[in-house]
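Good morning, everyone. Please take a look at the model on the screen before I start.

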Amino acid sequence: MLDVSMSNPALLSFQQVLKKCFQSLESNQNEWNSILAECTSLVTSLGNSAEQLRALSTVEISNTPLSTFPDLQERLQFKLIQAVDLVLGKLNEKMSALKLVRDSISKQVWSAFQLYEQYSDSLDLATCTQRSATAPSISDMLEWLQDAERYYRQQFLRRKSLLQSMRPNDLSLLESVPKRWEALYSTSKDESISETLFKVSFFVESQ
Amino acid sequence: MEVTHQGRKSAVTGSARKIKDNAADWHNLILKWDKLNDEGSAVANKIVNLGLIKQDSQREQHMVMEDLASASSLIIGRPPDHSRELEEECIKLVTIVDNMTRVVSKMAKLVSSERGVVELETFQYRAEGRPPPLFLTWTTAQFAELSSKLYEAFSIELSLKKAILQELAHTTNSDLCLVYLSCWLHQPYIDHDIKLLQEGLLLETGHRTL
């Protein structure tokens with residue numbers, strides 16, 4: 001099959017950009033998933049502390065065998081709140097790290113689309129929809145990049161919004177955070193990004 | 001015996017040696033305590049879980065018995081007995097608390113040893129105390145006071161642990177169980193001040209440098 005890129009320098013250049021985009025997407029996906037894995041233990045810890053705080057507020061210490069211990073309720077509550085604070089601080093750091101990944105993906109994809117606009121005269125519909133055994137079509141690849149970018153953008157927003165919904169006095173809300181956090185993970189969407197990377201692997205590796 | 005004043009790297013003797021060694025002992029004892037606390041926390045968790053399982057199975061057994069009473073059928077097999085496992089875990093916890101008791105009694109010895117150093121100093125220098133401090137800035141009395149504070153905190157924490165040990169295996173209220181576990185893990189009487197005092201002690205005696 002005739003290699004169209006031989007006669008189309010814009011196409012060649014654009015393909016290089018797309019390759020870089022997918023390489024960057026792959027490393028970003030790994031980075032994102034690794035940060036998210038670190039969040040799991042933090043979020044679980046948050047739920048545990050919330051559960052302990054709730055139990056403490058339910059129990060009347062003066063009616064228990066621990067009634068002789070001075071200021072026990074206040075001291076324990078202070079420690080638990082301190083523990084929550086510590087975890088929230090760490091979660092904040094993780095969110096910043098996730099934001100960096102999201103920004104990196106958005107920037108890459110956006111510049112790819114910008115470049116496409118620039119080259120649009122040389123990249124007509126026929127060129128864009130052409131695909132080979134080793135390379136998907138440009139239109140497909142752009143769509144996949146857009147899907148990936150949207151996924152990470154939404155994921156970040158949802159997770160950030162979940163953490164921001166917590167209220168200091170609402171313990172049951174705090175207790176529900178681990179479940180709601182895990183529920184945000186979409187196996188199917190993450191797998192489709194992996195699938196995308198698989199589909200473009202020949203393309204990315206080609207010269 | 002007097003402390004030589006040839007700079008901090010000189011050999012520390014006498015009272016200063018005692019206090020410096022005590023500081024190291026405090027550090028090691030607290031490390032030991034922390035390790036026992038972590039071990040105890042894991043065992044306490046197991047005890048509570050086994051206790052809850054036992055409660056559930058007893059409830060089930062009770063229901064089965066009620067069914068049997070109303071319908072004359074054959075006896076069904078008994079649910080698995082976790083009592084032995086529960087007993088083993090309780091024994092483990094008792095051992096851990098015993099070890100913690102030993103740690104705290106060693107701490108008591110450090111307190112009385114430092115009180116001894118203060119008394120010796122009072123005897124040597126009357127009420128004014130030693131002119132240059134033994135180390136950087138603290139008076140000898142301050143060391144004794146710090147030891148006292150540390151000992152008090154660990155002492156009351158130990159009583160709390162003993163109280164929890166008594167109650168843990170047979171408390172049926174799950175919220176109260178969780179409060180017991182919380183108390184054990186988070187050590188309400190070992191607060192941030194205690195950690196600061198410990199660090200201060202190490203810095204002052206030169207075990208840690210800034």
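Predicted model: local features only at pLDDT ≥ 70, side-chain atom pairs only at ≥ 80, totals over all residues.

Residues are numbered from 1 along each chain as its sequence is written, chains are lettered from A and ligands numbered from 1 in the order in which they are written, and side-chain values use heavy atoms, with hydrogens and water left out.

Start with the interface. On chain A, 20 residues are in contact with 18 residues of chain B. Contact means heavy atoms within 4.5 Å.

How much area do chain A and chain B bury between them? About 1800 Å², with 72% of it on carbon and sulfur atoms. Buried area is the accessible area (1.4 Å probe) that two parts lose on being put together, summed over both. A:F69, A:R75 and A:K79 supply 31% of what chain A buries against chain B, more than any other three residues.

Now the charges. The rule finds two salt bridges across this interface. A salt bridge needs a side-chain nitrogen of Lys or Arg within 4 Å of a carboxyl oxygen of Asp or Glu. In one, A:R75 meets B:D191 at 3.5 Å, N to O.

Next, B:V111. Is B:V111 buried or exposed? B:V111 counts as buried because its relative accessibility is 6%; buried means under 20% relative accessible area, exposed over 50%, partly exposed in between (1.4 Å probe, protein chains only). Leaving out residues up to four places away in sequence, B:V111 touches B:W26, B:S147, B:S148 and B:Y151. B:Y151 is 40 residues apart from B:V111 along the chain, yet their C-alpha atoms are separated by 7.3 Å.
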